[in-house]
Amino acid sequence: MLIPIRDVNPTRRRPWLTILLILLDAAVFIREPIMASQPARICFFWRWGAVPAELIRGVPLARPPFCQPGKDVLVSAVGSMFVHASFFHILGNMLYLWVFGNNVEDTLGRLRFLLLYLASGLAGLALHTLANPTSRVAVVGASGAIAGLLGAYLVLFPRARVLALAPIFFVFFPVELPAAVLLLFWFVLQVLGALEPLGAEATQVAYLVHVGGFLTGVLVGFLARRKIPRPPPPTAGWEPDDLGTEEDTDSGW
């Protein structure tokens, strides 16, 4: 598995929304009862985890006897995107969000970026739910939403260089790859994981959430790319008046 460290793809403005999402996920994780007793953990993930069987029915399943009532199934579908099961779970997600989210936010704008983030998470959850309608295992994590950002990044910046760590005989070596290579490799791994006969129940990884989110991002990326201004093609010759001024030759890139 390749671990991205940073990309060589500058932005025009500070990615405040990407930073805010990272801080929000971190704040939620700090308040999670990860190190608490087993009943407290069970109740927390029961309340905020998105359970496919509950989403299909539209009502929560029977709650554990030691948990307080009051779960809202629709709220958990969104809330589950900000809940993580372990330190390494949130660390991996936030790393991908930081490396790839800033350029997508810079290109789409903050509102469209947020809509893509939420839509990708919900689309991934919907695909996983349709494939596992009777599952009682809670789905948590921002992976589907972040996968949507990866899909959009692939379409918008396929040639951007990404510095990553590649494991070779248990030693990590830095490599620089085009974003298309790294992200397509990542996506193939998710598809192969989703095709495993044991599925997410045994692996504890909801691969279809990643697949659904990524494909949503690819679609949005293609729609956005059509609206990104391109510099005019070069001409065969020029006249002195064609040089213009600094203001009218700067297209804002």
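Predicted model: local features only at pLDDT ≥ 70, side-chain atom pairs only at ≥ 80, totals over all residues.
Reader: Fine. Which residues of α6 are buried?

Author: In α6, the buried ones are F113, L116, Y117, S120, G121, G124, L125, H128 and T129.

Reader: And how much of the whole protein counts as buried?

Author: 42% of its 253 residues.

Reader: Back to α6. What span should it have, and what are its end C-alpha atoms doing?

Author: Helix α6 covers residues 110-131, which is 22 residues.

Reader: New topic. How do α5 and α7 sit against each other?

Author: The axes of α5 (residues 87-108) and α7 (residues 143-156) come within 9 Å and cross at roughly 40°. That angle is why α5 counts as oblique to α7.

Reader: Left-handed or right-handed crossing?

Author: Left-handed.

Reader: Which residues meet there?

Author: From α5: H89, N93, M94, Y96, L97, F100, G101, N103, V104 and T107. They meet S143, I146, L149, L150, A152, Y153 and L156 of α7.

Reader: How many of those are nonpolar, polar or charged?

Author: The contact of α5 with α7 has eleven nonpolar residues, six polar and no charged.

Reader: Zoom out. What is the secondary structure overall?

Author: Eleven helices and three strands. From the N terminus, the order is β-α-α-α-α-α-α-α-β-β-α-α-α-α.

Reader: What share of contacts links residues 24 or more positions apart?

Author: 76%, counting contacts with a separation of 6 or more.

Conventions
Residues numbered from 1 in each chain as written. Heavy atoms only, no water. Axes fitted to C-alpha atoms, helices over the stretch in contact; angles between N-to-C directions. Helix = DSSP H or I, 4+ residues; strand = E, 2+ residues; numbered from the N terminus. Parallel < 35°, antiparallel > 145°, perpendicular 65-115°, else oblique. Left-handed = near helix turned anticlockwise from the far one by under 90°. Contact = heavy atoms within 4.5 Å. Nonpolar A, V, L, I, M, F, W, Y, C, P; charged D, E, K, R; others polar. Expected span 1.5 Å × (residues − 1). Buried < 20%, exposed > 50% of the residue type's maximum accessible area, 1.4 Å probe, protein only.
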